[in-house]
Amino acid sequence: MKINSVKGMNDVLPTAEGDSVAFNGRLWERAEAVFRDVMRRYAFDEVRTPIVEEAQLFSRAVGEATDIVGKEMYTFEDRSGKKLLALRPEGTAGAVRAYIEHGLPMRDPVQRWWYFGSMFRHERQQKHRYRQFYQVGVELFGVAQPEADAEVLSLCNAILVDLGLEGIELRLNSLGDEQCRPAYLELLSAFLRERREQLCPECRDRLERNPLRVLDCKNEGCQAVVADAPASHEHLCAPCSEHFARVRASVDRLGIKYRLDKNLVRGLDYYTRTSFEFLASALGSAQQTAVCGGGRYDGLVKQLGGADTPAIGFGMGVERICALLAQQGVPAHAPALFLAIGDEAAREEVLALATEARSKGLAAEADFRGGKIARQLGRADKRGARFAVVIGGNELASRRAKLKDMRGGEETEVALDELVAEVARRVGG
Ligand SMILES: [Zn+2]
Ligand SMILES: [Zn+2]
């Protein structure tokens, strides 16, 4: 019996195309190279935390009343039956757990972290929603000042710009803090209660437990109601209001276009003050999709048992990014030199030449199955090789070979000792 992958969990393959092109490994490689380069320039350090954590970490951090924890988290008892474990549904809780566990708030509260990894949510099956999905994200701990918000927004923007995406738009909101949020929630609840009948059944339920979540309900009736709902950013206390004004001024100064979005609350309970989303579109396309979301979570470190520590971060969906990148075309990933075996006696020479090419930084491939030259050169063509060479008995005897340019087809005779240098020179030029 054939066994297939689990629904909503995807293979990333170098051959992926058509509907699966977002899972083409060459796109992933290109995206990851940009992530890494931007993180280096912003002086963020990579961290890797386990995929499995205790389930209660997420119920405490993300919130029991959220869909993520309430409905979508993969949980299981470990074999001892004593602990409830969970596949991580998001990246921040684990990072905060690690930050506290290793005593970092005491040693150096300022930590600039980034991560790349898979998250798991048992979501309903729909387009661009996966049960295993990848996020790249940052967590900047220990800086409360609004320039830190602007720095993180600028980092996120730099990734999207460097990926060559268009239609980049930042949506900004401020959710206030423990000083001003309770009064705002009262105001919002009162507003929503008066319109209870127009809300979807789920939102009527949310109304009492988590009224903020009504603001990002996708139901049309709910959206009509919340269009006129009071805006959190208009009900901030003085310090939150000043913080938000300075974030906006910094973002303006950096030339990042943004739009205020009063209903941008994100699906997680831990956000305070700044919350944001980035939208982007593919080259030449008008249709924007949300690719990244984040915000400040000044209360979370303390809430999980650490020292009172401000923090801000975001998570970016890698599948969405790669789907947009795919519209620029899948980057070539071809060997510079393909070596064909023209004679059984040439195998070791071919292996040595391929290894020499690789040590000089060139991508090289040989077909050690040997056999018909035409078939081997056909493979060189299929692999998109830039140059090909056949090494057989004559080449071994004369120590010279014909280097074939796979684009134009012309051949140049070179000494085997000069072969790799010649390819390097012509690939470089
Ligand atoms: Zn609703
Ligand atoms: Zn406030």
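**Helix α4 and its cover**

Is helix α4 (residues 92-101) mostly covered or mostly exposed? The helix is mostly covered, with eight of its ten residues buried, where buried means under 20% relative accessible area, exposed means over 50%, and partly exposed lies in between (1.4 Å probe, protein chains only). Helices here are DSSP runs of H or I with at least four residues, strands are runs of E with at least two, and both are numbered from the N terminus.

The buried residues of α4 are T92, A93, G94, A95, V96, A98, Y99 and I100. What covers them? Among the elements in contact (heavy atoms within 4.5 Å) are the strands β2 (52-54), β5 (111-120) and β6 (132-141), along with the helices α2 (55-61), α5 (104-107) and α11 (300-303). After α4 comes G103, which has a positive phi, near 70°.

**How to read this model**

This is a predicted model, in which local features need pLDDT of at least 70 and side-chain atom pairs count only at pLDDT 80 or more, while totals for chains, interfaces and linings use all residues. Residues are numbered from 1 along each chain as its sequence is written, chains are lettered from A and ligands numbered from 1 in the order in which they are written, and side-chain values use heavy atoms, leaving out hydrogens and water.

Now let us turn to charged side chains. A salt bridge is a side-chain nitrogen of Lys or Arg within 4 Å of a carboxyl oxygen of Asp or Glu, and the count by this rule is 37.

One of them joins D37 and R41, at 3.2 Å from N to O. Both residues sit in helix α1 (residues 25-41), four residues apart, so about one helical turn separates them. An α-helix has 3.6 residues a turn, so residues three or four places apart point the same way. D37 is partly exposed at 29% relative accessibility, and R41 is also partly exposed, at 44%.

**Salt bridges between helices**

E147 and R246 form another salt bridge, with their closest N and O atoms 3.2 Å apart. Because E147 lies in helix α6 (residues 146-162) and R246 in helix α10 (residues 238-253), this pair ties together parts 99 residues apart in sequence. Both are partly exposed: E147 has a relative accessible area of 39%, and R246 has 35%.

R193 pairs with E208 at 3.8 Å between the closest N and O atoms. R193 is partly exposed at 42%, whereas E208 is exposed at 51%. Elsewhere, salt bridges with shared partners join R386, D405, E422, R425 and R426 into one network.
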